[in-house]
Amino acid sequence: MKIVTYNVNGLRPRIQQYGSLRKLLDSLDADIICLQETKLSKHDLRADLVRAEGYESFFSCTRTNDRGRSGGYSGVATFCRVKSAFLSNEVALPISAEEGFTGLLATSKGYEPRKEEFPSIAKGLECFSRDELLKVDSEGRCLITDHGHFVLFNIYGPRAVQDDSERIQFKLTFFKMLERRWECLLHQGRRIIIVGDLNIAPAAIDRCDAEPDFEKNGFRRWFRSLLVQNGGRLLDVFRAKHPDRKGAYTCWSQSTGAEEFNFGSRIDHILGAGSCLHGEENQEGHDFVTCHVAECDILMQFQRWKPGNTPRWKGGRSIKLEGSDHVPVYTSLVEIPEVLQHSTPSLSTRYHPQVCGSQQTLVSMFARRQTTEQVISEESESPQTPSHEEFFSTPEKYDSRASHIRMLGSQSNANIPACIEAKKKARHGQGSQLTLNSFFQKRIHRSETSSSSFAGSKLCQTEISYSLIEPKGVPSADDESGASKDCRSNAIDNYQNESQLDACDTDKQKRKVALQQWQRIQQLMQNSVPLCKGHQEPCVSRVVKKAGPNLGRRFYVCARAEGPSSNPEANCGYFKWAAVSKSKGKGK
């Protein structure tokens, strides 16, 4: 049996990258696939995003409304490759599934409502208040699946920067609760496997630029305290198989191109604990990891940066790299016997209302019905415009259609021709920047714009009335002579041709002017961009996005990819604040 953990950094882009969810899952070639950072909300759970033939899936999504963490934030998913979802003996198909780890989520045992009015708190977490438990479990960071021989935790650990005390406390509480849940299961004699992006690099060997006091961090000390070598009960499966491997990283910064020099960290883990299935728990050297884990490694073929890619300072910055900023980690289990016959738990997405076809909310019901009714009303109410041959095939048909034409001409703005509608949209959108040229020009007065638009609308209506009512070869209502009719028809054709030529010349001139302006701007930017001291190459500009006194301020850094300081080809560390314009300085 093969288990894979993978932080996909958004499930939608990964599906788009591979073409379909099934192709993404098949590329990992595993029996159980645990994904983190899916960035899907409950309303996004559509069949094409959560269901794939041959797999049972389980999702946990964000439930909080906190600023910056609502909707498509975090989220985990577990996919199980099975031959049958019903009456199966396969270990990959879970016997039960739980969303979150506190026991309080309403859907922890499935999408059907619970029988009890107040869900019970999971064993081991009774010392925490319900509010504390619900807050920790509201960000969609954990899925638990029970596979009979072991309990699998799919976890996406919180990230907390050094000066964010609120998130640091949230992260401490999150892992403290999880540890209680693990201890309770191990005390009951259960075997546990913990996989996911924990956002913790436990030791200096797991980080590219580890400083001397790197391992003194509180979260790293907590992680190492869980391990067997430090008196805990968990085994770091990767380090158990590769204790001295350096440069074994699973995550790299996208913004700095750190993959190019393998300047990353190992924060995606697989941990295991419990007795082996041989029934020899008390004998030394017999445990679940030692007896049943054949191998564990990092799937580097999923890395965005590939050998042979163009370096950033040679034009590679403009090349978009597909993939996540993480790579998968896998483990292979051996000698895992089948379990008793069972069916997929009710938490499976096959029972989700949006996936199985039933409506979940009144809002979605009315939205879909409105769309359908709009299509039907447009098809029934819009007049069917006949073809030229059908319209003017005989004088009798022409006479019968004359009143119809006049009726069309007197209709409301709902059937205004496309050219008039386009001018209306352009008039309404005056506040937006349409072209680069318009950015540097003074705004035209609204009255001038409306008068010119009115003149254009009248001309457009005249052209349409001539082309529709008096086509070539049909007598006019005033019994006009053929010669005068031909003259007017030729005049209209000549005018239209001249207008098209003028429009083409105007477009060419606009493109030429825009190109010249872009070239001038680029030249100004190149002249103002400093050169880094390490390589004497143009820097790249960035903007401070972190809240604080420098929020929004621009600065320049070396354009090369981040890497070890000992490598002269890597980023030299150059930094310079961009000059503040005098006008901005006066405003402040």
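Trainee: How many helices and strands does the secondary structure of the protein chain come to?

Mentor: The chain has 17 helices and 17 strands. Helices (H or I, at least four residues) and strands (E, at least two) are DSSP runs, numbered from the N terminus. Keep in mind that this is a predicted model, where local features need pLDDT of at least 70, side-chain atom pairs count only at pLDDT 80 or more, and totals for chains, interfaces and linings use all residues. Residues are numbered from 1 along each chain as its sequence is written, and side-chain values use heavy atoms, with hydrogens and water left out.

Trainee: What is the order of the strands in the open sheet?

Mentor: Here's the general idea: strands of a sheet pair through backbone hydrogen bonds, either parallel or antiparallel. In this case, six strands line up as β3-β4-β2-β1-β14-β13, with mixed pairing. Two strands pair if DSSP finds at least two bridges between them. At the edges sit β3 (55–60) and β13 (293–298), each pairing on one side only.

Trainee: How many bridges join β13 to β14?

Mentor: Five, and the two strands run antiparallel. As an example, C296 has T331 in β14 as its bridge partner.

Trainee: What percentage of the residues is buried?

Mentor: Buried means under 20% relative accessible area, with a 1.4 Å probe and protein chains only. Here, buried residues make up 40% of the 588 in the protein chain.

Trainee: Which percentage of the accessible surface belongs to carbon and sulfur atoms?

Mentor: Accessible areas come from the Shrake-Rupley method with a 1.4 Å probe. The chain's surface comes to about 33800 Å², and 51% of that belongs to carbon and sulfur atoms.

Conventions:
Buried means under 20% relative accessible area, exposed over 50%, partly exposed in between (1.4 Å probe, protein chains only).
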